[in-house]
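Take a moment to look over the model below before reading on.

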Amino acid sequence: MSERSRDLTANAAARAAGRHFYLASAIATFQELRHMDDPELARFLSCSADMLARLRLCRRPDVDSPDFQSDVRQIVHAFAVYPQSLLQLLREVSSIEAMRESQPATSTGFLMAARDKPRRRRHHDEEKGG
Amino acid sequence: MPNPDPHRLEDIHRRLLDRDPIAPAQLAELVLDPLTTRLRASFPAVPDPALIEDAAADAVLNYAERPEQFDPSKRGLLGYLQMSAGGDLKNALDALRRRQRREESLDVVELHPDRRNRVSMASDSPTTLEDEVVSNLASQGLVAQVQAAAETPKDAKVLQLMIDGERRTDRFAEALGLEGLSPDERRRAVKRHKDRLKKRIERLGLTDHE
């Protein structure tokens with residue numbers, strides 16, 4: 001893949017983030033929730049940073065679809081990403097989105113709480129420990 | 001970049017219809033480069049290459065989402081994408097032109113060369129609409145009112161130079177006693193002074209004449 005093609009693909013992937021159809025949208029939400037940059041995400045999925053743009057341009061597997069497992073398998077096979085990580089990403093984002101839809105007025109508060117949770121737990125553990 | 005193999009494109013189209021999750025990524029990889037090249041050739045006057053890249057990306061993303069809208073019996077896939085991106089590009093360019101026109105009507109703008117020549121023959125910086133208005137005041141019997149904007153003799157000299165259509169920084173620097181400054185400092189100081197006077201003229205309500 002030429003450098004020009006890589007740039008064009010990266011641009012398309014960035015534009016796909018606003019479209020629910022694409023895996024890019026799920027990845028963007030996951031990165032937002034986890035405060036994860038691209039190198040961290042690439043490590044999480046066990047793929048190269050270059051591969052991320054192409055991954056983002058895949059159709060997003062629907063967790064409620066009977067084809068979900070097979071779609072994930074195809075992506076894992078094509079991009080050699082770590083299957084458990086991709087499944088986790090898709091399921092986590094899907095849950096968050098479902099909750100956002102059911103609680104539109106408080107979604108921001110909910111997301112903040114979701115983001116704060118690990119930190120609070122650590123803090124709580126520290127308090128218990130010391 | 002050569003055009004992609006039509007058989008590969010046909011295969012991708014079929015897989016998109018079958019909701020193959022990989023197909024959109026493979027499509028993008030295959031067509032973005034040749035599509036962008038075609039668009040650049042069709043729209044050579046587009047000022048920002050990013051506009052072309054975005055239009056190409058959106059056309060590919062739209063098609064991959066709704067492949068059933070493409071009828072292979074009518075035209076090739078690359079031609080279809082080019083038409084789709086071209087439409088978006090024209091809309092984006094129209095919007096850009098509308099915005100520029102709006103900004104030009106509000107802001108100070110550079111004049112066309114022929115208008116600039118009419119305003120002044122001795123120019124060393126771009127002529128602006130405000131400059132032209134100030135210059136035209138001389139023929140509208142408003143010189144005395146403009147001169148009222150002068151608070152000091154130096155202001156009066158600068159205003160007179162502006163009314164005369166003077167464009168040379170050195171002449172303004174001379175009127176302001178700034179000869180000792182470096183060329184850059186002189187240019188900035190003259191601009192600051194002229195801007196302040198133009199603001200004052202605006203406040204007097206003398207720049208509505210066109």
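What follows is a walk through the two chains and the place where they touch.

First, some ground rules. This is a predicted model, in which local features need pLDDT of at least 70 and side-chain atom pairs count only at pLDDT 80 or more, while totals for chains, interfaces and linings use all residues. Residues are numbered from 1 along each chain as its sequence is written, and chains are lettered from A and ligands numbered from 1 in the order in which they are written.

Let us begin with chain A. It has seven helices and zero strands, where helices (H or I, at least four residues) and strands (E, at least two) are DSSP runs, numbered from the N terminus. Read from that end, the elements go α-α-α-α-α-α-α. Of the 130 residues in chain A, 22% are buried. Here a residue is buried if 20 or more other C-beta atoms lie within 10 Å of its own, exposed if 12 or fewer, and partly exposed in between, with C-beta atoms placed from the backbone. Contacts are also worth a look: two residues are in contact if their C-beta atoms, placed from the backbone, lie within 7 Å. Among contacts in chain A between residues at least 6 apart in sequence, 62% join residues at least 24 apart.

Now find helix α6 of chain A, residues 83–102. Its 20 residues reach 29 Å from the first C-alpha to the last, close to the 28 Å expected at 1.5 Å a residue; the expected span is 1.5 Å times one less than the number of residues. Which residues of α6(A) are buried? They are L86(A), L89(A), L90(A) and V93(A). These four cover an arc of only 90° around the axis, which puts them on the same side of α6(A); the arc is that of the directions from the helix axis to the C-beta atoms. An α-helix has 3.6 residues a turn, so residues three or four places apart point the same way. The buried residues of α6(A) pack against α2 (23–34), α3 (38–45) and α5 of chain A. On the other side of α6(A), Q84(A), S95(A), A98(A) and S102(A) are exposed.

Chain B comes next, with ten helices and zero strands. Buried residues make up 27% of its 210 residues. In its helix α9 (residues 169–176), F172(B), A173(B), A175(B) and L176(B) are buried. They span an arc of only 160° around the axis, which puts them on the same side of α9(B). Their cover includes α8 (153–163) and α10 (183–203) of chain B. Just after α9(B), G177(B) takes a positive phi of about 70°.

How do the chains meet? The contact takes 21 residues from chain A and 17 residues from chain B. On the side of chain A that touches chain B, α1 (3–16) and α5 (68–79) of chain A are the elements that give two or more residues. The most come from α1(A), with eight residues.

Finally, a word on confidence. The mean pLDDT of chain B is 79, and 75% of its residues reach 70 or more; pLDDT is the predictor's confidence in each residue, from 0 to 100. Over residues 115–130 of chain B the pLDDT is below 50. Where pLDDT is low, the predicted coordinates should not be read in detail. For the complex, the predictor gives an ipTM of 0.79 and a pTM of 0.62.
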